[in-house]
Amino acid sequence: MSKILNSKGCLGDDPLSLVHVGTEIFCFLVFSHLFNLILKPFGQGGPVAQILAGVVLGPTALSQIRIFKTSIFGESSTQIYNQTLASCIRVMYMFLFGLEMDVSYLVRNFKLGASLAYSSLPMCIVLAVCFGLVLSHQTSMEGNPFRFMCFLALLFANTSSPTVIKVASELKIETSEVGRLAIISALINEISTLLLLAVLTTWGGGALGFGGVVNGIFLCSLFVVGGVILNILLARYLNQRNPHRKHLRNIEVVSVLLLMSVISLYTELKGYNSTIACFIFGLMFPREGKTYRTLVHKMSYPVENFILPIFFANLGFQVNLPDIDLKGYLIIILVVFVSISCKFGGAFVNTYFLNITPKDSIFLSLLSNVKGHADLLIISAAATRHKWSIKDYNTFIVTVAVNTIIVGPFLAFMVRKEGKFMAFKHVGLESQKPETEIRTLACVHGPRHVPTLVGIIAAAAGTRKSPFTAYVMHLVELTEKNSDLLYNQHESGLLSDDEDYGGNDELEINDAIDAFVADTRVPIHQVKIVAPITTMHDELCSSAKDLRVSIVMLPFHKHQRVDGKMQTSKEGIRITNQKVLRAAPCSVGILVDRGFSPIQESESESKLQVATLFFGGPDDREALAYSSLMARHPDVKLTVFKFLPSTRKELQARINMESNEEEDEVLMEIMTHVTEKDADEAFLANFYNRYVTSKDVNYVEKYVENGSETMAVLSAMKDNYSLFVVGKGGRGLSPLTTGMSDWEECPELGVVGDVLASSDMVMSASVLVIQQHKPPKNEFIDNHLP
């Protein structure tokens, strides 16, 4: 960009340059969407389609027509604007990328991501040395061969992080473990490449000595640190300004982006790339408050639908195939082959030294072969330092586009062939290891549900070192009335900050979550879906699958009145809950909210008392597994109550209760009971050794004979705890709960959960009822379930 700023005149020689740039952008967008529609059925959307659109519009095809080129794109003076546009695109995208980056995941997996990023580096250096001499003799290269080998090694090793993110998003793997590792490794790889490129182009190039390089890096770093501090102060000020608004005004958004742009401009003027600075601005930006939400909300759509298509189309637009001769095509084949070989060499390193499966290693190696803007900077710097001809420059530009284009079909083929391997597979909480990341999706219909849900999130988050990711989803019902109203407001251009979906409820939800994050420092990602009540469960389940969450928590359709009785809020909430219980791709929890204070950082010795009721069965094991997350929190005291038959003859009782059934059904019931009992005992033994022996959890056994005695025990303990956690069911017919379902009101809560949620059980404790995810069965079995 520094060259652009120092160039003569903003308009160059053509006063219509801005017009031509506008028509060029329009053509980029139209052709990109057209190619996307054509190639998407073949699994080739996104970057591949957009690069091909640029190739078709560029000197390879349509720009060969003189009239088309002069009337649409103008002359070469528009390149000033193209370069400026590319720099602005890079600034905006990397800032948004930093905003959306999961900082906790980056910190936890930085070592692994760095190992993946540098795994192919040794082979890149070796092959750059081996083929560097060959390529230097086949091109019009001048200057130091060693520097050319360094440029070549950077070109082989670099991975474009924007391209990786876009491809991963197109393949719907950006939230998977392999997708997130690919993104982190690409980010580390590209930042390292840009740092080395800055050193390589400034030190030893005749412009600056070692002291000049150090001084430049120090000044840029100081400027970036100052910019980060100013950004934090500005974000806090804007969060407190106009507290009644959900979003910032456009002028306030511009002020934040202007500050970032000024610092990026200074970095470019000093001769360094501003990509790293923009990413740091986004990464260090405060995550709480309406400033963060507004920036993500206002930048996501234009970046996804306008900025990135222009970015990739501009890459393809620079390809000039007619200008390349046979020797040039051989160089392209050689460079592309060596680049892919380097990445596959890194795949073997990943398999043998990082304990990554061969399938994951191959997939990561293919995904890391995509190229982007940093590669263009490398080629441009090499062409300047070694005085390449236009033909040699175009040859290496083609390698960047080809590397990215050929990767797309292979990745799509792997995703289609290994659909089950790449697809989301839910693993029950009871089967997950303690170091496994737990993702929780808490759903709210209004501000009433927020305090208790975020309180449970804080308790389940445990210590700050625990791998835990929390999402809060605002479920907004789309009715015919607000749909028509919003349409009319869009048509008349009168849509305001307060008239968006969610209304004042969203403002209260945002304020409650901001206060919670400020007090607990537990990060929460906010999501919103707007759908009719009849299809809301589909949207919710689809989002849960995309986010790959471990458990979805739903609010109960009743709320507690002042007199302690339960009153129905909205029947549509109950219908949604029932549908989610049947269709969810993960475990589901239903929260009966009677109040549960969010855990705040304090020096108080009082602890929140949580009770888990264990009767046996998969749902109770899942409930106990989720309770074990709370046991890790220093301000929570968990007590586990295991209910046992006082006569020790539960199995015989179950047989007698089923004696009126067919003999084979009785045998199946016995076998199922024995299997579940073994699983219960094994899980409880592991839980006891991990938490009870260390005195982190209290363990109590309750002996009861029937449902009446169980009711008596529950009534006796109802005022001693702030939260009860229990499984929905899945334990079959048990004498411990006999008679408790005679007046069942809400079957979606199970027998015990329904009793604890009833108005007859007047208490102040909330209840969390958990259902373990059940793998889908075949159609015949599903159609014959009761």
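Lys387 sits in the loop between helix H18 (373-386) and helix H19 (390-417). Helices here are DSSP runs of H or I with at least four residues, strands are runs of E with at least two, and both are numbered from the N terminus. This is a predicted model, in which local features need pLDDT of at least 70, side-chain atom pairs count only at pLDDT 80 or more, and totals for chains, interfaces and linings use all residues. Residues are numbered from 1 along each chain as its sequence is written, and side-chain values use heavy atoms, without hydrogens and water.

Start with the backbone. Most residues other than glycine have a negative phi. Lys387 has a positive one, near 55 degrees. Lys387 is exposed, at 56% relative accessibility. Exposed means over 50% relative accessible area, buried means under 20%, and partly exposed lies in between (1.4 Å probe, protein chains only).

Arg521 also has a positive phi, near 60 degrees. Arg521 lies in the loop between helix H23 (503-520) and strand E3 (524-531). With a relative accessible area of 44%, Arg521 is partly exposed.

Now the cysteines. The structure holds zero disulfides, a disulfide being a pair of cysteine sulfur atoms within 2.5 Å. For Cys130, the nearest cysteine sulfur belongs to Cys342, 9.9 Å away. Cys130 is partly exposed, at 48% relative accessibility. For Cys342, the nearest cysteine sulfur is that of Cys124, at 3.7 Å. Cys342 is in no disulfide because a pair must lie within 2.5 Å. Cys342 is buried, at 0% relative accessibility.
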